[in-house]
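Work through the exercises below with the structure open beside the text. Each task is followed by a solution in steps.

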Amino acid sequence: MSQNNTFKIIDFHIHIGLKEHWHRWVHDYQKSSKSEFYERYDELTDPEKFAKHLKKHNIVKAVILPDICPITTGIVPNEYVFEFCQGQDVYLPFCTVNPSLVTHPEQELKKYIQSGAKGVKLYPPYNHFYPNDSRLYSLYELAQAYRIPVLLHTGSSVFRGSKLKYADPIHLDDVASDFPDLVLVMAHSGRGLWYDKAFFLSRLHPRLYMEISGLPPKNLLNYFPEMEKNIDKFLYGSDWPAIQTISSNIEAIQKLPLSEDSKKKILYENAARILGLEETEFFIRD
Ligand SMILES: [Zn+2]
């Protein structure tokens with residue numbers, strides 16, 4: 001019996017924002033994906049209605065991302081994300097820290113954790129720093145202590161001003177080895193140039209994960225022929241609104257020649273585990 005329609009989903013990569021938050025070229029790209037965001041703008045920028053939209057598609061939890069990337073994509077403030085997420089249990093707000101704009105990244109992170117951040121997103125190619133930049137080590141230390149995941153953009157981007165050298169997953173090898181208890185997630189899994197490298201690194205480091213937003217699901221098994229051997233490390237994300245609809249890629253993943261167990265892991269279980277959704281209490285180490 002097919003359980004496809006009752007799969008619980010966690011979407012690990014959703015951007016929210018208003019038209020004025022993003023640069024023109026970001027909108028041009030999202031429009032070229034025929035994104036539902038533009039047709040249903042008033043509805044989908046309303047926190048309550050967007051939550052309903054997610055739940056209708058079995059998305060029970062959604063990582064919601066801010067952007068502080070003034071050179072490349074624009075600014076969706078952390079505060080905007082926290083406010084948007086308030087009062088809706090489907091949302092998991094993440095914060096972001098741009099190390100060029102703050103003196104003490106770890107103090108920023110601490111403040112955002114206290115405001116409810118469940119993780120932190122970093123944008124190395126958009127903000128022009130390497131993931132193993134020493135300015136971020138105090139932030140990694142804190143994220144490790146609080147057991148919150150760090151999501152980092154890896155791989156290509158079409159947005160103006162992006163610099164790909166900062167998007168090479170190899171720089172996460174340093175971070176993973178210096179912070180062995182830190183959960184690190186490679187957004188886009190090294191898209192374009194580095195699928196093999198991302199896959200190899202995630203097999204090597206027990207807490208380094210691959211998130212597949214922005215990759216056409218039909219190509220996943222070409223990019224990662226041994227996907228099933230490392231299936232505990234894959235996480236689903238949509239990168240909405242840079243996609244036609246919130247469920248386009250979920251449907252495509254459900255059609256892949258993978259076992260039902262593997263699909264469940266990608267679409268829900270792996271994310272639930274690293275987000276601590278299965279734990280009864282949020283444990284903070286000193
Ligand atoms: Zn994104």
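**Exercise 1. Helix H9**

Find the buried residues of helix H9 (residues 171-178), state how they are arranged around the axis, and name what they pack against.

Solution. The model is a predicted one.
Step 1. His171, Leu172, Val175 and Ala176 are buried in H9.
Step 2. Viewed down the axis of H9, these buried residues fall within an arc of 130°, so they line one face of the helix.
Step 3. The partners of the buried residues of H9 are helix H8 (137-146), strand S8 (150-155), strand S9 (184-191) and strand S10 (208-211).

**Exercise 2. Helix H8**

State how many residues of H8 are buried, which they are, and what covers them.

Solution. 
Step 1. Of the 10 residues of H8, 7 are buried, and the helix is mostly covered.
Step 2. These are Leu139, Tyr140, Leu142, Ala143, Gln144, Ala145 and Tyr146.
Step 3. Their cover includes helix H6 (105-114), strand S7 (120-122), S8 and H9.
Step 4. Just after H8 comes Arg147, with a positive phi of about 55°.

**Exercise 3. Aromatic pairs**

Classify the pair Phe37 and Tyr41, then the pair Tyr123 and Tyr126.

Solution. 
Step 1. The whole structure holds 24 aromatic pairs.
Step 2. In the pair of Phe37 and Tyr41, the centres are 5.3 Å apart and the planes are at 85°. An angle over 60 degrees counts as edge-to-face, and this pair is therefore edge-to-face.
Step 3. Phe37 counts as buried because its relative accessibility is 1%; Tyr41 is also buried, at 16%.
Step 4. The rings of Tyr123 and Tyr126 lie 5.7 Å apart, centre to centre, with 15° between the planes. Planes under 30 degrees apart count as stacked, so this pair is stacked.
Step 5. Tyr123 is buried at a relative accessible area of 1%, and Tyr126 is buried at 5%.
Step 6. Phe37 and Tyr41 both belong to one aromatic cluster, whose members include Trp22, Tyr38, Phe50 and Trp240.

**Exercise 4. Charges over rings**

Which rings have Lys19 and Lys233 over them?

Solution. 
Step 1. Lys19 lies over the face of Tyr41, 4.4 Å from the ring centre.
Step 2. Lys233 has its charged end over the ring of Tyr209, at 5.4 Å from the centre.

**Exercise 5. Core and loop**

Name the residues with the most contacts inside the largest nonpolar core, then describe the setting of Asn230.

Solution. 
Step 1. This core has 94 residues, and Phe12, Phe50, Tyr140 and Phe224 have the most contacts inside it.
Step 2. Beyond four places in sequence, Phe224 touches Ser189, Tyr195, Phe199, Met210, Leu215 and Phe234.
Step 3. Asn230 is in the loop between helix H11 (220-223) and S11. Asn230 is buried, with a relative accessible area of 7%.
Step 4. Leaving aside neighbours within four places in sequence, Asn230 is in contact with Phe199, Ser202, Arg203 and Met210.

Conventions
Residues are numbered from 1 along each chain as its sequence is written. This is a predicted model: local features need pLDDT of at least 70, side-chain atom pairs count only at pLDDT 80 or more; totals for chains, interfaces and linings use all residues. Side-chain values use heavy atoms; hydrogens and water are left out. Buried means under 20% relative accessible area, exposed over 50%, partly exposed in between (1.4 Å probe, protein chains only). Helices (H or I, at least four residues) and strands (E, at least two) are DSSP runs, numbered from the N terminus. The arc is that of the directions from the helix axis to the C-beta atoms. Contact means heavy atoms within 4.5 Å. Rings of Phe, Tyr and Trp (its six-membered ring) pair if their centres lie within 6.5 Å; planes under 30 degrees apart count as stacked, over 60 as edge-to-face and the rest as tilted. A charge sits over a ring if NZ of Lys or CZ of Arg is within 6 Å of the ring centre and within 35 degrees of the ring normal. A nonpolar core is a set of buried Ala, Val, Leu, Ile, Met, Phe, Trp, Tyr and Cys residues joined through side-chain atoms within 4.5 Å.
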